[in-house]
Amino acid sequence: MTRASLAVMLLKAKHGSDYEPPPATGTVFADVPADAFAAAWIEQLAAEGITAGCGGGLFCPNDTVLRSQA
């Protein structure tokens with residue numbers, strides 16, 4: 001599973017399967033433009049203090065998340 005996919009899964013688990021985050025701005029992480037898959041989910045994860053990214057202003061959306069990390 002990628003970090004982007006996990007962002008969606010975490011917020012749906014927290015808020016319910018019908019949850020939709022606000023639109024993405026593309027300004028939260030340098031590697032997540034507003035039109036990227038799961039951009040809104042990733043930005044909302046940061047807004048809720050669940051993630052600070054992977055360092056250096058990046059989220060690393062395509063990096064693999066190990067089961068132990070999830």
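1. Cys60 is buried, with a relative accessible area of 17%, where buried means under 20% relative accessible area, exposed means over 50%, and partly exposed lies in between (1.4 Å probe, protein chains only). Cys54, by contrast in class, is partly exposed at a relative accessible area of 36%. The model is a predicted one, in which local features need pLDDT of at least 70 and side-chain atom pairs count only at pLDDT 80 or more, while totals for chains, interfaces and linings use all residues. Residues are numbered from 1 along each chain as its sequence is written, and side-chain values use heavy atoms, with hydrogens and water left out.

2. These two cysteines, Cys54 and Cys60, are joined by a disulfide with an S to S distance of 2.0 Å, a disulfide being counted when a pair of cysteine sulfur atoms lies within 2.5 Å. A search of the whole structure finds 1 disulfide. The link of Cys54 and Cys60 is right-handed, with 65° about the S-S bond.

3. Helix H1 covers residues 3–15; helices (H or I, at least four residues) and strands (E, at least two) are DSSP runs, numbered from the N terminus. After H1 comes Gly16, whose phi is positive, near 105°.

4. Which residues of H1 are buried? They are Ala4, Leu6, Ala7, Val8 and Leu11, and what covers them includes H2.

5. The largest nonpolar core has 13 residues, of which Val32, Ala38, Trp41 and Ile42 touch the most other members. Such a core is a set of buried Ala, Val, Leu, Ile, Met, Phe, Trp, Tyr and Cys residues joined through side-chain atoms within 4.5 Å. H1 and helix H2 (39–47) each supply at least two residues of this core. Leaving aside neighbours within four places in sequence, Ala38 is in contact with Ala4 and Val8, contact meaning heavy atoms within 4.5 Å.

6. Pro22 sits in the loop between H1 and H2 and is partly exposed, with a relative accessible area of 45%. When its neighbours within four places in sequence are set aside, Pro22 is in contact with Ala40 and Gln44. From Pro22 to Ala34 there are 12 residues in sequence and 11 Å in space, taken C-alpha to C-alpha.
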